[in-house]
Amino acid sequence: MTTENIALRVQNVSKKFSRGEMHDSLRDLIPSFFARLTGRARTSSAAAKEFWALQDVSFELNRGEAFGIIGSNGAGKSTILKLITGIMKPTSGRIDLNGRLSALIEVGAGFHPDLTGRENIYLNGTILGMKRAEIDRKFDAIVEFSGLADFIDTPVKRYSTGMYARLGFSVAAHVDPDILIVDEVLSVGDIVFQNRCLEKMNEIIRSGATVIFVSHNLRAIAELCPRSILLEHGKVTASGPSQEVLRSYLESSGREGRRARSKEIFITAVKVRGSHSEGVAFDSGEKVWVDVEMECTGDAEPCSVVLFINDDRQYEIFHTSTEYLGCPPISLKQGERFACTFELDLNLAGGTFYWGVLLYRFNIEKTVDRLFPAATIFVNTLPEVRGVVNPRPRITSFGPLAGIEQGKEAIKL
Amino acid sequence: MRAALQELVARRDLLYMIAWREIKIRYKQSVMGFMWAILLPSVIVAAGIMVRYGMSAISGKAISGQEIAAITVKGLVWAFFAGSLRFSSTSLIGNPNLVTKIYMPREIFPLATILSQLLDLGVASGLVAVVFAVTRVGASWQLLWVPVLLVIIVLLATGWALLISAACLFFRDVKYLVEVVITFAIFVTPVFYDVEMFKKYANLLLLNPLAPLIEGLAKCIVNGSAPNLPWVAYSAAVALVSLVGGFYLFKRWEPSFAESI
């Protein structure tokens, strides 16, 4: 066994919660106690109130690995983190940890509003597992990172939410853990601070720490974590390289989005086809056609079709629309269907790309229906381009530059 | 159990920090500041003296300085004990963020309450010690019993504080129950009176594990006589059982704190 290399092992972990109120006071407990004595109660109603937040979750992390956990709200992400940190115990299964753990489940959770920034650094640092002497040593670095030197002797209740989060992250980032757990902290603070957080996280990863990262910021996960798992309704539904897990997450959320639809007009089909390739793999520079079909089930205002492409970090790299291309808004009556086809040159570099389609009303800037990812394609990697786009680079001259006189001539020209 | 103790020792910095925080926020933004440490014991002592004055008026026997000194000692200890139990009831439920979001040995919260109450006791006792030294009350070799008795009192308070803090987390009305018990327990604890006053029922009162300790303290400080050793041993046994039992149950319930709070 290569146990020394394993930082964390989660084996068949399940967690059951009781929904709703439990006995919150003795007064509630006593009747239920007697009910249990007489053999009543504890029937199906109690069982119906239980639900499994996690079911049979297993994964392993090697030392020094950055690992992402993706999932929509209520999928069990926070629960798994709480089990790993030991805040809760699993109903079944086991979790083995190897090393000092620090969790950033909520930045500034240990802050007390009446204490000053300085006092809270000491308080929170100790809560996160640092020794007093260690905090003394790192104090200046923490203050500097937070950028709150001027407010360090102000009670944190006078801080803004952003300042609060900055101080919280600064303390937590300086703990130097073997295993760092980060949950949604990057959604706070301004963009400059968010970038600094990402940088700091990168630094922590490079320093050899094991990092578990839970976030809605898919781009950050894709950038920081080579490997992740996808949690859906408490179960692991995908695991492996982050790009692939992200894709299945986006596909499944697309499906759920469609299920939840109650619109008068909606997209029924989106198909991407090429001139000589079918399916999902295309050649760079190939001509492709995107067929979009829609249907109207009620009275709908006129709308346009927007087509966009996201890269594998979920940056939108391009969008167009029937409106931009000079078509009038589409006006449909109940029961009518409509189709349009975009033709474009796939001047993209190799990689994974996600197509999305919107039905959009430009006059009031309202999205009527959204399908994303409507299709996922792979563009075959070309040896001659790297990056996102393929502007078809060519060499038109190649050779040693002639004498300096001629060089001057060239500049004049 | 051993692992839990080791973890607690490893995180002692956190214990001091949480105790420090409790003290700091209690005295921050308050007009009286550290006077609060003296206020509650003074009120108890004043009430005790009044009760004793009433008793002496009926019996026709004037109260002696010694009696007042004894009430002072008992009042201080009572203030510590009652304060420990009262504040331990909110020690966990008053920190929901820390209980649900960060892992740490949770017994740190009730323990920090005890520490912060000890500081109050220290401040008040310091003052009393000065008064006693000036008025030449006490001062005998029996004073050596004081630390022993105090340790037993602290252990007893800790055991109960652990139980109360956890019970309050699961059942919110335990807090009110504790309030009620504290309010009336002063009548069955020899704070305002001595157990000897009850003659043949004295032993019944001593069954309250705090009674032999409080009586013993007053005796060895004020009268310069040894405490009632068999009864002190009884209290020590109760304290030990409370502490070990309290810690054991606390650790057993701890895993469900985060989801029950």
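**Confidence and contacts**

Tutor: This is a predicted model. The mean pLDDT of chain B is 90, and 99% of the residues of chain B reach 70 or more.

Student: What ipTM and pTM does the predictor give the complex?

Tutor: The complex receives an ipTM of 0.85 and a pTM of 0.74 from the predictor.

Student: How many residues does the contact take from chain B and from chain A?

Tutor: Chain B contributes 23 residues and chain A contributes 27 residues.

Student: Which helices of chain B each supply at least two residues of the side that touches chain A?

Tutor: They are helix H2 (12-27), helix H5 (96-101) and helix H12 (257-260) of chain B.

Student: Which gives the most?

Tutor: H2(B) gives the most, with 6 residues on the side of chain B that touches chain A.

Student: And how do the residues of that side divide by class?

Tutor: On the side of chain B that touches chain A, 11 residues are nonpolar, 4 are polar and 8 are charged.

Student: Turning to packing inside chain B, at what angle do H7 and H11 pack?

Tutor: Helix H7 (residues 145-170) and helix H11 (residues 229-253) of chain B pack at about 30°, and their axes are 8 Å apart. Angles under 35 degrees count as roughly parallel, so H7(B) is roughly parallel to H11(B).

Student: Is their crossing left-handed or right-handed?

Tutor: The crossing of H7(B) and H11(B) is left-handed. The contact between H7(B) and H11(B) has 16 nonpolar and 6 polar residues, with no charged residues.

Methods: Residues are numbered from 1 along each chain as its sequence is written. Chains are lettered from A and ligands numbered from 1 in the order in which they are written. This is a predicted model: local features need pLDDT of at least 70, side-chain atom pairs count only at pLDDT 80 or more; totals for chains, interfaces and linings use all residues. Axes are lines fitted to C-alpha atoms, for helices over the stretch in contact, and angles run from 0 to 180 degrees between N-to-C directions. Helices (H or I, at least four residues) and strands (E, at least two) are DSSP runs, numbered from the N terminus. Angles under 35 degrees count as roughly parallel, over 145 as roughly antiparallel, 65 to 115 as roughly perpendicular and the rest as oblique. A crossing is left-handed if the near helix is turned anticlockwise from the far one by less than a right angle, and right-handed if clockwise. Ala, Val, Leu, Ile, Met, Phe, Trp, Tyr, Cys and Pro count as nonpolar, Asp, Glu, Lys and Arg as charged, and the others, Gly among them, as polar. pLDDT is the predictor's confidence in each residue, from 0 to 100. Two residues are in contact if their C-beta atoms, placed from the backbone, lie within 7 Å.
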